[in-house]
Each structure stands twice: as structure tokens, then as C-alpha cells.
Amino acid sequence: MRDRGDCDNVTMRDRLPDLLHDRLAASARADVQAHVNGCAECRAELELLRSVMAGATAPRVDTSRISAQLRPYRRPSVWASAAHSWPLRAAAGIVLLVGAASVIRDRASNQPDTVVAVASSAELSVGGLTDIPESDLRALVDELGKLEAVTSSEPEVVVVPAVGRSSGGGGK
Amino acid sequence: MTDPGRTGGDPRDSELIAAWKAGNQRAATELVERHASALARFAVSSGVRDDVDELVQDTFVRAFASLDGFRGESGFRTWLFSIERRLLLDRRRAERRRPAAVELTDDAAATEYSALDRVVAGETRSQVWDAIGRLTPTQREVFVLRVTEGLSYKEIADAVGTTEGAARVHYHNAMRTVKEWLDA
């Protein structure tokens, strides 16, 4: 190996291993070969690459022994496949979200006052108090006041005084 | 252009993989025969001195066990190199934990290669491979994959777990080091 300087044409130098392994298209191969023919540095580098290839040793490997270790292919189970399927994962996520939303809605429907109050306050915050005329604002506050007075949807427990029992007991 | 996954009129790697999945065990044997030498060469070039056979076997066993995870974005051989490299790193980590093990760091690369020379008694190593022994592990991997296996920078990046640009830089740094060593 003689002249081991570096050619300035990095593109050509980059392609030398590809030339060695015949991994260039015909036109590119002709270009690189023409460059190498006129470039002492690239010829020396190509010679160096050839000596690397020639010196690369591969110990003999017992391929039949390796092949014997390989188990026949086993198709993954449906569940394993499903676990790796993005569309199915997305569908499962949507089902989960819808389910969670319906549970929350069911629970919320048992507390109508709270929902209405929350919705009203949300509307207020979205619209902004400055956009509402004073008269409407007063009406809205009155409405909110009435909401607090609305009875719960669940009937109250009525406690019946045990008047009859005490009088009956006294008769014995 | 030469496709490492195909020689002459032989079937492509992807075709052999499909045949193996369809129950043709012979297809697996053909894939092993096609790529075993390259894996052994890469192992030796990376400084492995013991149990190259075992490393190559483990690579194939692991590859075939997880072949459903191979999406074909890189070549089959490139994918095998990446598996072998991970096994190699695991092995080095295990050796590092052993008290008498030689720690394989970038600084220790030359020492480790000298040890290899002592083990392989009587074998005459070329000046060039002595120079390659001076490279850092990453430089050596990139250089070997580029020169002896003819992988593109993109393929090397996939195998080594780096970027195409970094692979190019490693290659040129390695080439400069080799030339300097030969000229010294």
C-alpha cells in the first residue's frame, strides 16, 4: 500500500466499498471506476479495502447443528395477535372511554341539581359576565336561587311518630 | 447490484421466511446456511475469540423465535447483525462483571485485540487487521460492516443502532486511524 493520503472527493471515497461489493448501479459504477482509474489515493484506498476483505476470517460454523435448534414456526395465538394490533387497541380504547362516560353520566343523572348548577356555572364562565345585561344576570341569579330550593328527586324519609303504640301499650 | 439476501436465482430471504412460516423447515436451514458465515465473520471482527459458534447459534435461535417482530424495514441480514450485536453486548457486560474479565472499553480495544493475537497462536495477522484492532468497538463494527459485509450506512445505522450520519463519521474516522497506523 503506497499513497495513503485521502482523496478530496468524499462522495467517491464513500462509494469504494460499494464498488468492491458490486452494490452500485451500472452508471454509478462506471463513474466510480473512472474516478479510481485517475486517482492514486482512491486506488490505494481500494487496495486497502481489498486487503481488509481478504483478511476477514470466518471460522467454520456448524449450520446443521444450528438448524436443528430451530423450532418449527408457531403461529401466535389470536389474543397475542390482538394485543399487537393497533386498530384493535384503538377500538378497545374507544369502548373503554364510551363505557366510562356512560357510567359517569348515569351517576350524574342521580344528582340533577348538581348537574344543572355545574352546567349553569360553565355557561357563565364560557360566555363571560360582561356580555350579559344586568336584568338577565339578575334573572339568572334568581334561577340559581330557586335551584337550591328544588327538592331532591329522591323522596325524603318520612318519620312517623309512634303515637298509637305508646297509647296502645298504656291500655294493657 | 448484489443482494446479500439472494444469490443467483435463489429465493429471497422474505420468500424463505414465508416458506418457513408455512411449515417448510428446510427454508430455515437455507437461511442459516446463507447468513451464518457473515455472522461468524462479524463476531470475529468485533473481537470475539471464544464460542463464535454459540453466538451465531444464539443469534439464529433468537431471530427465529421473534421472526413475527421482523417487519422487513431493513434486510434480514442487517436484522441478524443487530441481534448478534445485542447478544455480544450482553456477553461483554457479563464478562465485565467477572473479576478476571478484561473490560472492553474504547481505551481497552487494542489490549483486547492483542490478547486475541496471543490466543490464536501461530496465526499471522495482517498489518491491516492489526490496525483494525486499534479501533474503538463502535468504529470497528461500522468499519467491518461497511468493508467486509458491504452494508450501506443506512443498514449499518439499523444494525448498530445509530444514525446514518454517525455511521459515516465512524467509518471515515476508522479509515483515517487505520491509515495512520499503517503509515506509522
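1. The contact between the two chains draws 30 residues from chain A and 34 residues from chain B, where two residues are in contact if their C-beta atoms, placed from the backbone, lie within 7 Å. On the side of chain A that touches chain B, the elements giving two or more residues are α1 (10-20), α3 (40-55) and α4 (63-69) of chain A. The largest share, six residues, is that of α3(A). Helices here are DSSP runs of H or I, at least four residues long, numbered from the N terminus. By class, this side of chain A has 18 nonpolar, seven polar and five charged residues; Ala, Val, Leu, Ile, Met, Phe, Trp, Tyr, Cys and Pro count as nonpolar, Asp, Glu, Lys and Arg as charged, and the others, Gly among them, as polar.

2. The model is predicted: local features need pLDDT of at least 70, side-chain atom pairs count only at pLDDT 80 or more, and totals for chains, interfaces and linings use all residues. Residues are numbered from 1 along each chain as its sequence is written, and chains are lettered from A and ligands numbered from 1 in the order in which they are written.

3. The largest nonpolar core has 56 residues, of which B:L39, B:A43, B:V56, B:V142, B:F143, B:L145 and B:I156 touch the most other members. Such a core is a set of buried Ala, Val, Leu, Ile, Met, Phe, Trp, Tyr and Cys residues joined through C-beta atoms within 7 Å. Helix α2 (residues 25-45) of chain B supplies the largest share of this core, 11 residues. Not counting residues up to four places away in sequence, B:I156 touches B:V142, B:L145, B:R146, B:L151 and B:A167.

4. In chain B, the axes of helix α7 (residues 137-147) and helix α9 (residues 164-183) come within 8 Å and cross at roughly 95 degrees. That makes α7(B) roughly perpendicular to α9(B) (65 to 115 degrees; axes are lines fitted to C-alpha atoms over the stretch in contact, with angles from 0 to 180 degrees between N-to-C directions). The residues of this contact divide into five nonpolar, five polar and one charged.

5. B:V144 also lies in α7 of chain B. With 23 C-beta neighbours inside 10 Å, B:V144 counts as buried (20 or more other C-beta atoms within 10 Å). Leaving aside neighbours within four places in sequence, B:V144 is in contact with B:F42, B:S45 and B:S46. The C-alpha atoms of B:V144 and B:S46 are separated by 8.0 Å, and the two residues are 98 residues apart along the chain.

6. Helix α6 (residues 86-109) of chain A lies largely in the open, because the number buried among its 24 residues is zero.

Note on methods: A residue is buried if 20 or more other C-beta atoms lie within 10 Å of its own, exposed if 12 or fewer, and partly exposed in between; C-beta atoms are placed from the backbone. Angles under 35 degrees count as roughly parallel, over 145 as roughly antiparallel, 65 to 115 as roughly perpendicular and the rest as oblique.
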